[in-house]
Amino acid sequence: MTDFKLPSLGADMDQGKLLEWKVKPGDAVRRGQVVALVDTSKAAVEVEIWHDGVVQELITKPGETIPVGTVMARLAAPGEAVATALRRPASPAARKRAHELDVDIEKVAGTGPHGAVTLEDIDKAAVKPAAAAAPDRQAEMRKAIAAAMSRSKREIPHYYLSEAIPLHRALDHLARANAARPVTGRVLIGALQLKAVALTLRQFPDLNGFWRDGAFRSGAGIHVGVAISLRQGGLVAPAIHDVDRLGLEELMRALADLVKRARAGSLRSSEMSDPTITVTALGEQGVEAVFGVIYPPQVALVGFGRIAERALAEDGALRAAPVVTATLSGDHRASDGHRGARFLAALREQLQRPEEL
Amino acid sequence: MKTSYREAMRAALREALAADPRVFLMGEDVGKYGGSYAVSKGLLEEFGPERVRDTPLSELAFVGAGIGAALGGMRPIVEVMTVNFSLLALDQIVNTASLYRHMSGGQFSVPLVIRMATGAGRQIAAQHSHSLENWYAHVPGLKVLAPATVEDARGMLAPALADPDPVVIFEHAQLYNMEGELPEPWTRDIRSAAVRKQGSAVSLITYGGSLPKTFAAAELLAKDGIDAEVVDLRVLRPLDDATIMASVAKCRRAVIIDEGWKTGSLAAEVMARIVEQAFYELDAPLARVCSEEVPMPYARHMEEAALPQPAKIVAAAKGLLR
């Protein structure tokens with residue numbers, strides 16, 4: 001038997017509200033399967049499970065707010081004897097009313113004899129969504145960002161580096177490759193930058209990971225958190241997993257999907273909890289350079305400013321070329337400026353060899 | 001007018017004897033002794049030995065004589081001292097009275113009224129404490145009444161006598177001394193159940209001698225803020241399904257209180273009908289409070305423990321609410 005606990009989905013999360021179970025007792029679940037929808041201050045997150053098994057018991061009831069680490073459900077290991085999953089006891093009248101009001105009886109906590117769901121329980125459940133919609137997501141998100149960023153600036157001694165990186169080779173390469181791709185399959189420079197960061201990080205594992213309990217721990221993979229600003233204000237930085245191992249087109253699809261889901265407020269728990277570094281790109285509307293605040297417990301943040309035409313001296317000649325200013329915000333506890341500088345230089349060189357990306 | 005159940009029943013008998021010369025009362029000790037429960041006291045003097053007749057101690061014989069008299073055009077009221085002794089007349093009641101209309105192809109009916117005392121609670125031990133109303137309520141061809149109030153003691157006899165088929169009236173022995181207000185006019189209905197107390201949280205469905213206990217339970221529940229409805233079945237055959245279902249649909253929970261033993265009880269029949277007809281109205285399992293399935297003990301404390309009591313009814317009702 002294993003316990004399924006509410007995972008921390010980010011440094012700024014200490015509790016969550018269960019919105020919905022996606023499984024019921026008796027269901028077989030596989031590692032990575034989404035089992036619950038949990039409301040954090042930032043988003044309604046699809047929480048994944050990290051063990052194969054059979055759901056034995058759902059402990060947390062939808063609507064409950066619980067601290068991180070609370071046992072939400074119990075799982076029987078595959079092959080372990082499972083108590084027969086009983087149908088949730090509910091009175092006939094409650095079942096009828098649930099059907100009429102389109103309430104999922106499996107998700108209603110029973111207060112009747114033997115814990116049975118009663119008419120009153122159904123009526124309460126039926127009116128709940130309206131009442132639950134009240135919390136002000138924007139205010140909550142502002143609070144969460146304030147907490148995380150304050151902690152970052154309080155605890156992390158930042159150092160900042162910047163480097164102008166010519167992108168004419170990368171953009172030319174991309175234009176050629178995109179010409180062969182259907183319009184919907186075109187790869188944007190943002191994906192190329194992400195891939196370049198990830199590949200470069202292979203040589204700089206000391207920038208990819210977490211500062212925890214007074215020591216650096218390198219990440220298990222290169223999971224790049226992508227800062228995504230939300231239309232209603234605020235931002236999230238969910239991870240794309242193993243970016244260094246994704247093909248460009250694959251990465252582009254993952255990026256588009258992530259942005260779409262982040263804005264729809266349906267992210268997965270691993271995306272929230274796994275980023276080993278964050279990349280923020282201000283894009284065409286942005287300014288020349290961004291010096292970001294590291295998202296704890298990560299130890300580095302890479303920023304890309306606006307791509308703009310600049311005078312570029314190269315091979316003894318002066319020409320106009322697209323240039324981006326890349327920046328690194330580093331945690332001085334985990335790395336030094338010298339090391340960070342070598343990373344930015346390596347990133348610059350990597351972007352001159354776009355065919356490798 | 002305030003009166004006792006016994007006096008109300010006697011007034012009904014007197015009215016019947018006075019109203020119709022075909023009516024006569026017959027049974028053990030109904031004449032000189034005035035009835036085992038003193039219901040017919042004074043009637044012999046008032047109406048004479050032709051119409052208030054003491055019989056030998058043979059239930060089979062005098063119930064059979066009552067059937068014969070009914071077939072011959074009379075309107076007999078046969079008093080069987082208690083339901084315990086009616087078992088000796090079962091063949092007459094079940095095999096003859098109830099079936100005559102059918103067996104004669106509709107040529108004959110048996111307009112017979114059989115009254116009998118029923119129930120426990122007076123320390124008269126196992127052989128004299130039965131509640132076998134359900135045995136009679138099982139039989140097509142009979143009507144079975146259970147007056148549980150002064151008003152019904154007064155009002156059910158006349159329509160029973162007017163009925164062309166045999167009617168069995170159960171008078172719970174614990175009720176005879178009960179006093180109550182007799183409304184004017186009193187009801188003469190022998191078709192429907194009655195909601196004795198309106199409520200909303202749980203329907204307490206009962207009949208006969210358990211009605212006062214059920215009222216007591218409803219009062220106890222009210223102290224805990226539980227608004228119980230009390231339904232008096234009154235007519236045990238045919239059951240008034242509409243009144244039962246309306247109450248269950250309103251309260252959505254029901255406890256059936258029945259002094260009969262649980263197995264195969266009238267309570268079981270009521271529960272089965274609720275499940276058949278009002279399943280989707282139920283917001284809790286059904287419950288019942290019946291007599292413990294033992295021969296009725298003689299010792300007072302054990303007899304009390306074996307019978308439905310207000311505390312048991314309260315516990316059963318609360319069990320449905322949480």
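1. Helix α12(B), residues 266-278, has 13 residues and reaches 17 Å from its first C-alpha to its last, close to the 18 Å expected at 1.5 Å a residue (the expected span is 1.5 Å times one less than the number of residues; helices are DSSP runs of H or I of at least four residues, strands are runs of E of at least two, both numbered from the N terminus). This is a predicted model, in which local features need pLDDT of at least 70, side-chain atom pairs count only at pLDDT 80 or more, and totals for chains, interfaces and linings use all residues. Residues are numbered from 1 along each chain as its sequence is written, with chains lettered from A and ligands numbered from 1 in the order in which they are written.

2. Buried in α12(B) are L266(B), A267(B), V270(B), M271(B), I274(B) and A278(B) (buried: 20 or more other C-beta atoms within 10 Å of the residue's own; exposed: 12 or fewer; partly exposed: in between; C-beta atoms are placed from the backbone). Down the helix axis these residues fall within an arc of 140°, so they line one face of α12(B) (the arc is that of the directions from the axis to the C-beta atoms). A272(B) and E276(B), on the other side, are exposed.

3. Chain B has two cis peptide bonds to report. One joins E184(B) and P185(B), with omega about 0°; P185(B) is in the loop between β8 (179-181) and β9 (194-197). Another runs from R237(B) to P238(B), with omega near -5°, and P238(B) is in the loop between β12 and α11 of chain B.

4. D102(A), not a glycine, has a positive phi of about 60°. D102(A) counts as exposed, with 7 C-beta neighbours inside 10 Å.
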